[in-house]
Amino acid sequence: MNWGGFQALSHLWLLSLLAPLALFYFLKLKRPRAEIPSLVLWRQVLQDHRVNSPFQKFKRNLLLLLQILLLLFLVFAATQPFWRGGPGKQRRLPVLVDCSASMDALDKPGGVSRLAEAKRRVREMIDGLASDQELCLISFDNTPRKLTGFTNDKRLLRDALDQIQVADVPSDLEEALRLVQALGRSEPFDEVLLFSDGNFPPRVNFDLSFKLNYQRLSPAGPNLGITALSAQRAVTGAWDVFVQIEGSADAEGNASVELFEDGNSIASERITVARGRAQRMVFQVKGDHASSLRVQLTPDGFDSLAADNMAYLDLPGSRPLRVFVPKSLVTYRRALQGIRGIQSFPQETSDEASGAFDLVMSDRPQDMDLVARTKLSVGFIPPELERFVELGTNGSSVVDWRRDAPVLQHVQLADLMVLDQPRFAAGEGEGDLENAGYEALIYGQRGPLLVRKQDSDGVRFALLFHTDRSTLPYRVGFPIFVANVVQAALEQAGLAEALANRTGVLPPLTLAPGGRYQIQTPEQTTEPVTADDHGIVSGVAAPRAGFYSVLENGVTRRRVGAGLLSPSETSLAGVAQIEFNEQLQVAEASAVMKTDWPLWPTLLMVALVVMLAEWWFFQKKPGGWK
Amino acid sequence: MELLTPRPQMTTLLTNSVLDRLQRLRIRPAGKRTSRSRGEHLSGKGGTSTEFCDYRDYSPGDDTRFVDWNIFARLHRPYLKQFHKEEERHVVLLIDASASMKFEGKLDLAKPLAAAFGVMGLLNNERVSAYTSHQAGGAPDRMPPCRGRASLRTLFQFIESVEGRGDAPLDRAVELLLRHHSGRGVCVIVSDFLTFGDLKRSFNMLFAAGLEPMGIQILSPQEIEPDVTSDLRLVDSETQETLDVSSSADLLNLYQEYRQGLENDLALLCRRRQGRFLPVSSATPVESVLFDQLRRQGWIE
């Protein structure tokens with residue numbers, strides 16, 4: 001059994017210093033002189049064989065003994081002995097530290113978080129790092145971050161470890177392992193150490209090419225949290241706010257849920273959450289103006305994770321949907337008349353139609369340049385599709401359609417007659433269409449009849465045939481189809497449904513075009529952002545739950561809340577075994593990762609004590625023979 | 001009212017009260033060693049004093065004046081009356097005045113002790129002589145034998161003038177003393193007895209000369225309980241020789257063992273020569289030594 005070893009055994013040559021030490025001691029020893037009446041007795045004493053035994057002689061030179069001890073301890077410390085902790089040591093070891101939201105959970109009231117526990121264990125490893133060992137610290141939540149390269153600089157590693165903070169987002173182990181794999185190409189290693197609570201999917205799509213030492217942290221305490229928050233506009237114009245409360249496997253008990261609108265409490269409810277069950281509730285909020293909702297969950301008992309006790313939702317104000325439909329599309333305008341909350345442009349009495357719209361439906365290509373998040377082109381091939389699709393006149397019929405597409409919900413298209421014939425261009429197919437970002441929703445005989453493209457600018461539908469040259473306007477499904485398009489426009493405009501803002505990335509913020517702002521995070525740090533030409537600020541990182549303020553010249557322009565709404569993080573469930581590709585499974589390590597215990601600090605402390613003893617002995621006032 | 005003026009001190013060695021008490025005391029040696037000359041001490045042999053001692057059978061040649069005629073008339077046999085013989089005792093004082101006695105008041109105790117023995121001798125009509133040893137090889141300072149109360153001042157002046165110096169070994173001092181001395185009695189040796197020499201030979205010579213050794217060893221507190229707590233270079237005050245010692249409990253224990261051994265050896269030396277031995281600390285008051293220790297151990301009565 002290997003108990004330990006030395007990292008720098010070559011330093012034993014320092015033992016040769018014993019010779020000069022003894023030499024200098026006897027050369028330099030200066031004893032204080034003390035005159036006594038007679039040496040008669042002392043000479044007899046010192047001639048006694050008991051005094052002259054080698055051990056007694058050595059005892060007389062206590063100062064030399066202390067100096068030799070001091071040197072021995074120093075030399076022993078210089079050889080850097082260590083007490084073997086683990087089965088063996090790796091020369092290079094990447095260390096993955098999970099810092100997702102669940103790692104902030106405490107084990108008990110007043111206890112330590114999972115991340116703090118992981119940091120403690122990594123710190124022990126750093127402290128016991130041998131001179132020929134290198135660690136690479138990588139933290140990961142939904143994205144991995146390489147904090148250090150492979151190094152044995154303990155100060156650097158400790159600083160990097162201190163920088164690891166919990167992000168209130170789920171973890172993505174796959175991305176972290178891919179980063180580690182990339183590291184291994186330049187600096188090979190055999191083993192990777194993973195510190196996590198196991199709160200990630202049990203199946204990871206990754207080809208494991210190294211040994212993974214999965215150090216699963218002890219489970220956290222019970223937790224209740226908000227796992228869903230959304231709002232839907234009711235027919236009355238008000239908002240129905242849906243809240244879902246879930247807990248970890250061992251969480252149960254009472255809690256209160258309070259709803260705040262623009263900072264004012266407007267509703268409160270007491271709930272009881274049973275073990276393994278979710279609790280749902282609905283609040284009514286007037287939708288006459290835009291407002292900011294905050295849901296606060298306050299469990300009665302201990303709650304290990306605080307980040308999921310708050311959720312935020314921005315409700316848009318109530319307004320009619322602005323729809324542009326040219327007067328030539330009579331059937332569409334007529335279908336829109338049956339839908340409440342629609343403001344059609346141009347109006348019947350006027351041709352004026354300016355400004356931004358929520359929905360543009362037109363059979364004129366130039367109308368597609370109007371500003372709107374939802375657009376429906378009718379009867380022509382959009383310019384970007386002209387490469388893939390061409391319009392013929394031989395007529396077509398519907399072969400199939402995507403019945404699960406929201407825009408085709410409850411729309412029956414069987415036996416639809418179409419005079420136009422959209423068809424794929426020579427050598428083009430559906431795959432090319434998909435590569436261009438379009439998705440076919442209705443399939444004709446020779447090509448797609450309806451395609452959809454969704455991007456950051458909104459959603460665009462393109463009916464590649466003109467409805468006026470088809471039997472669609474005469475079918476029951478046509479007003480339903482128009483209503484579905486309107487519903488899609490409502491969703492795009494945020495007028496039909498509102499979802500809670502999640503942590504990770506803030507939703508796009510509409511501000512002044514080209515404006516420069518500062519985003520103030522819940523930790524009161526600021527980050528500069530610039531709005532694009534449309535006044536949109538997007539991609540703002542929101543790693544922590546809380547309010548994010550948009551500042552312009554120090555003045556708050558807007559506040560956006562972001563909260564953790566991940567059921568998996570709230571559940572604090574941890575997987576004991578990770579399954580990788582090719583049915584490769586990695587179970588949690590059965591033993592806590594033990595590090596080699598360096599003995600040199602202890603030896604140095606002992607040496608210091610010996611040195612102090614020697615100093616005291618050397619400096620103390622000589623006694624006797626006053 | 002007439003004021004009483006205090007009596008002037010006779011000597012700086014002993015206070016008047018100590019002297020008053022000493023007048024009532026006398027030296028009590030273990031054996032009866034006296035000189036042939038007539039004195040106040042009864043000899044073991046028959047003498048011509050007026051104090052009857054015993055009868056013995058008449059032998060031809062005996063002085064017929066001492067025949068008890070009354071007994072002869074009753075028993076018809078001659079018996080000779082015997083009387084105690086009163087002989088003179090010699091008190092020899094030897095004060096070790098080497099440099100080693102200067103430490104921690106050793107000589108300051110030795111001088112009054114020697115003076116006290118001298119006083120007791122003089123007041124009891126004994127011959128008192130005093131010697132001090134200083135330099136090795138040199139003759140000891142000497143106060144010739146004297147007798148009687150009138151010699152007190154001479155004794156005090158001699159002892160008061162003693163100063164600690166020199167490296168005279170005690171054994172050598174005894175030999176030199178015996179060159180000048182004659183007569184039987186006691187020899188009071190006041191010393192630390194820390195000598196490299198052979199004291200056995202010196203004590204044998206004292207015994208052969210008819211002097212009963214009465215040794216008083218005076219050691220300083222530091223010699224009795226040395227406090228060596230570090231590495232030291234000890235320097236002999238007489239020879240200036242050096243010795244390196246390091247503090248250790250074992251070393252001090254050995255020292256005590258050897259010191260006790262020296263005491264035992266000295267006591268044995270004295271006892272085998274019908275003498276006495278007393279170790280005292282220089283910190284002990286002279287009154288305590290005289291009227292407590294010496295009296296309790298029967299040195300004086």
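**View 1. Chain A as a whole.** In chain A, 70% of the contacts with a separation of 6 or more join residues 24 or more positions apart; a contact here means that two C-beta atoms, placed from the backbone, lie within 7 Å. This is a predicted model, in which local features need pLDDT of at least 70 and side-chain atom pairs count only at pLDDT 80 or more, while totals for chains, interfaces and linings use all residues. Residues are numbered from 1 along each chain as its sequence is written, and chains are lettered from A and ligands numbered from 1 in the order in which they are written. Chain A has 12 helices and 38 strands, taken as DSSP runs numbered from the N terminus (helices: H or I, at least four residues; strands: E, at least two). Of its 626 residues, 37% count as buried. Buried means that 20 or more other C-beta atoms lie within 10 Å of a residue's own; with 12 or fewer the residue is exposed, and in between it is partly exposed, the C-beta atoms being placed from the backbone.

**View 2. Where chain B meets chain A.** Chain B brings 35 residues to this contact and chain A brings 31 residues. On the side of chain B, the elements giving two or more residues are helix 7 (221–224), strand 8 (232–236), strand 9 (242–245) and helix 8 (249–272). Helix 8 of chain B gives the most, with seven residues. By class, this side of chain B has 15 nonpolar, nine polar and 11 charged residues (nonpolar: Ala, Val, Leu, Ile, Met, Phe, Trp, Tyr, Cys and Pro; charged: Asp, Glu, Lys and Arg; polar: the others, Gly among them). Look too for strand 2 (residues 33–36) of chain A, which runs parallel to strand 8 of chain B and is joined to it by four bridges; two strands pair if DSSP finds at least two bridges between them. Here A:Ala34 has B:Leu234 as its bridge partner.

**View 3. Two helices of chain B side by side.** The axes of helix 5 (residues 170–180) and helix 6 (residues 199–208) of chain B come within 8 Å and cross at roughly 20°. Axes are lines fitted to C-alpha atoms, for helices over the stretch in contact, and angles run from 0 to 180 degrees between N-to-C directions. Helix 5 of chain B is therefore roughly parallel to helix 6 of chain B, a label for angles under 35 degrees. Among the residues in contact are B:Leu170, B:Val174 and B:Leu178 of helix 5 and B:Leu199, B:Met205 and B:Leu206 of helix 6. The contact has six nonpolar, one polar and three charged residues.

**View 4. A four-stranded sheet in chain A.** This open sheet has the strand order 12-11-14-15, with antiparallel pairing. Strand 12 (264–273) and strand 15 (310–315) of chain A are its edges, each pairing on one side only. From one strand to the next, the twist averages 20°. Seven bridges join strand 11 (residues 253–261) to strand 14 (residues 291–299) of chain A, with A:Leu259 opposite A:Val295.

View 5. Strand 16 (residues 321–324) of chain A pairs with strand 17 of chain A in the parallel sense over four bridges.

Conventions. Parallel < 35°, antiparallel > 145°, perpendicular 65-115°, else oblique.
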